[in-house]
Amino acid sequence: MLFIDPHVHMTSRTTDDYEAMRNAGIVAMIEPAFWMGQPRTEAGTFKDYYSHLIGFERFRASQFGIKHYCTIGLNSKEANNEPLAEEVIELLPLFVLKEGVVGVGEIGYDDQTPAEDKYYRLQLDLAKEVNLPVQIHTPHRDKRKGTLRSMEVALEHGLEPGMVIVDHNNEETVKDVLDRGFWAAFTIYPHTKMGNERMTEIVRQYGHERIMINSAADWGISDPLAVPKTAQLMLERGISEESVRMVTYQNALAAFGQSGQMQESDWLEANPVDQSLKFSGNSILRGGQTPRIDTGENNNDSRIIR
Ligand SMILES: [Zn+2]
């Protein structure tokens, strides 16, 4: 089976993760712009981060046979530094129309402050103007209230529910999100309540329409293989192959494909992996390593040039 992980912060992950993800069947991924674990202090660091997402990180993924896309936005945590946020908002239009950008994200509420609300709204307007999907981060505290508010505000700004992916859902929010016509994404966190067992039950109860799962793996304790592992469990628990395919592949493609930046042929007809390639003169190889160069006849067949 082929998988898409529509929310994963690869910048904080290793090449071993890339390799394991591709071996598990992940062919495409979306990396939302987020914070880095400590607040940034200069707008220039956002500029470099966005450039990295559309540049080197995309290249790094390609070196392991994975198509990398991203969403660009000012995250809710850092929206609370208003002088900084003002400058970052000015940068966004320079990036949202770049190749491989499939949405504005991840944006929304964290503590649900007035500043978060202000920059969320500004970014909804931007998404609408450039006709891109929106990837919403819902708060971990006051989840239901924050989720309802995120959707209300998106509607208020004239966004079509079908253009909005509401992330980090759970049993308390899924019905509200689906009933309103939005996409409902679920993050599978290892060792927590929203694990893959519960996800299986959600798909059993709500079906596979407009539901998608992701790992949201980042620099914290997380599992970049959450999508294929959950797919495996769902199949073992009797969820149909078609439903598994919808929630681990097809729905993410349908939702983010609305950007016009992401289509199946991107990976089905991709150039074979060639690790002798460089990005701005920089390779992923280290002293003396032999590049993997695939023949292209079968993307899983790698030929090592010696
Ligand atoms: Zn995230």
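Here's a quick briefing on the fold, the sheet, the core and a few helices of this protein.

This is a predicted model, so keep the cut-offs in mind: local features need pLDDT of at least 70, side-chain atom pairs count only at pLDDT 80 or more, and totals for chains, interfaces and linings use all residues. Residues are numbered from 1 along each chain as its sequence is written.

**Overall build**

- The protein has twelve helices and ten strands; helices (H or I, at least four residues) and strands (E, at least two) are DSSP runs, numbered from the N terminus.
- Its radius of gyration is 19 Å, close to the 19 Å that the globule rule gives for 306 residues, so the protein is as compact as a globular protein of that length. That radius is taken over C-alpha atoms, and the globule rule is 2.2 Å times the number of residues to the power 0.38.
- The C-alpha trace spans about 60 × 50 × 35 Å along its principal axes.
- Of the 306 residues, 42% count as buried (20 or more other C-beta atoms within 10 Å of the residue's own, with C-beta atoms placed from the backbone; 12 or fewer is exposed, and in between is partly exposed).
- Among contacts with a separation of 6 or more, 70% come from residues 24 or more positions apart; a contact here puts two C-beta atoms, placed from the backbone, within 7 Å.

**The sheet**

- Eight strands form an open sheet in the order β1-β2-β3-β4-β5-β6-β7-β8, with parallel pairing (strands pair if DSSP finds at least two bridges between them).
- β1 (3–5) and β8 (211–214) sit at the edges with a single partner strand each, so one side of each has no neighbour in the sheet.
- From one strand to the next, the twist averages 25°; axes are lines fitted to C-alpha atoms, for helices over the stretch in contact, and angles run from 0 to 180 degrees between N-to-C directions.

**Strand β2 and its neighbours**

- Three bridges pair β1 with β2 in the parallel sense, and Phe3 has Ile26 as its bridge partner in β2.
- Helix α1 (residues 15–23) carries the chain from β1 to β2 in a right-handed β-α-β crossover, i.e. with the strands pointing away from the viewer, the path from the first strand over the helix to the second runs clockwise.
- β2 is also joined to β3 by five bridges, in parallel, with Met29 opposite His68 in β3.

**Strand β4 and its neighbours**

- β4 (residues 101–108) has eight of its eight residues buried, so it too is largely enclosed by the rest of the structure.
- Towards β3 (residues 67–72) there are three parallel bridges, and Ile72 has Val104 as its bridge partner.
- Towards β5 (residues 134–137) there are four, again parallel, and Gly105 has Gln135 as its bridge partner.
- The chain gets from β4 to β5 through helix α6 (residues 114–130), in a right-handed crossover.

- The largest nonpolar core has 76 residues, and Met29, Ile66, Ile72, Val134, Val164, Val166 and Trp183 touch the most other members. Such a core is a set of buried Ala, Val, Leu, Ile, Met, Phe, Trp, Tyr and Cys residues joined through C-beta atoms within 7 Å.
- Helix α10 (residues 226–236) has buried residues including Val227 and Met234, and its buried residues pack against β1, β2, α9, β8 and α11.
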